[in-house]
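Q: Please take a close look at one part of this structure. Then set that part against the rest of the chain.

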Amino acid sequence: GDLAAFLDCDDTWMPEKLEIQSRVFRDPSCVVSTTDFTVTYEFEHSSIFHRRRVRCETYRKPVVNVVEAITNYSIGMSTVMIRVSAARESLPKFPPQFFMIEDVDIVTRIMTYGILIPVRRALTRYRVHGDNYSTQTDPYGNEWETWVLNLNELEISVSERKFLTAYGESQILNSR
């Protein structure tokens, strides 16, 4: 197909997500789209099950460059939809094996071919619980180190590369 969407194993989409989100790709400059989402926290404590739901918003307007996207990062992987032709051009044949920041890497690479158009509706539900992969491991800092090293592969300006390098390095420091 022309579009691809991502869904993590413990998240869900609203039934109308694909139909609504695919409409923004009528704009030929759109290579990535994201949606608002809700996060449901589910934890058991002393045999009592707790659930809390929070709404998270994506960008308010189209995002035209990677620096703007990363500066105010508002993306959940299960909300992402991409244009396949841009992915074929921008993603490496053997991409880095990220488990925590794959969305950052994919969006950064694909946005070198166009813009991100958000959908301001909560069309994805994230579920956070004790068995999430992110609660079981800590590869975050190592992934940011790999990401910074891979920035040289991107066709972006020197100023964008400097900004993204500094951002990645701040993420490495924050993870330690």
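A: The answer starts with helix 7 and then turns to the chain around it.

The model is predicted, so local features need pLDDT of at least 70 and side-chain atom pairs count only at pLDDT 80 or more, while totals for chains, interfaces and linings use all residues. Residues are numbered from 1 along each chain as its sequence is written, and side-chain values use heavy atoms, with hydrogens and water left out.

Helix 7 covers residues 158-174, 17 residues in total. Helices are DSSP runs of H or I with at least four residues, strands are runs of E with at least two, and both are numbered from the N terminus. From first C-alpha to last, helix 7 reaches 24 Å, close to the 24 Å expected at 1.5 Å a residue. The expected span is 1.5 Å times one less than the number of residues.

Which residues of helix 7 are buried? They are Glu 160, Arg 161, Leu 164, Gly 168, Gln 171 and Ile 172. They line one face of helix 7, because they fall within an arc of 110° when seen down its axis. The arc is taken over the directions from the helix axis to the C-beta atoms. Buried means under 20% relative accessible area, exposed over 50% and partly exposed in between, with a 1.4 Å probe and protein chains only.

The face of helix 7 turned away from the buried side carries Val 158, Ser 159, Lys 162, Leu 173 and Asn 174, which are exposed. Take Lys 162: its relative accessibility is 60%, so it counts as exposed. Its C-alpha is separated by 9.5 Å from that of Leu 151, eleven residues away along the chain.

Now the setting. The protein chain holds seven helices and six strands. Their order from the N terminus is β-β-α-β-β-α-β-α-α-β-α-α-α. Of its 176 residues, 45% are buried. Contacts (heavy atoms within 4.5 Å) with a separation of 6 or more come to 74% from residues 24 or more positions apart.

Helix 4 has a setting of its own. Nine of its nine residues are buried, so helix 4 is largely enclosed by the rest of the structure. Among them are Glu 102, Val 104, Thr 108 and Ile 110. Asp 103 also lies in this helix, which spans residues 102-110. Asp 103 is buried yet has no salt bridge. A salt bridge needs a side-chain nitrogen of Lys or Arg within 4 Å of a carboxyl oxygen of Asp or Glu. The nearest side chain of opposite charge to Asp 103 is Arg 109, 12 Å away. Lys and Arg count as positive, Asp and Glu as negative; His and the chain ends are not counted. Not counting residues up to four places away in sequence, Asp 103 touches Tyr 73, Ile 75 and Met 77.

Next, the rings. The count comes to one aromatic pair. Phe 37 and Tyr 126 form this tilted pair, at 4.8 Å centre to centre with 55° between the planes. Phe 37 sits in strand 3 (residues 30-45) and Tyr 126 in strand 6 (residues 115-129), so the pair ties together parts 89 residues apart in sequence. Both Phe 37 and Tyr 126 are buried. Rings of Phe, Tyr and Trp (its six-membered ring) pair if their centres lie within 6.5 Å; planes under 30 degrees apart count as stacked, over 60 as edge-to-face and the rest as tilted.
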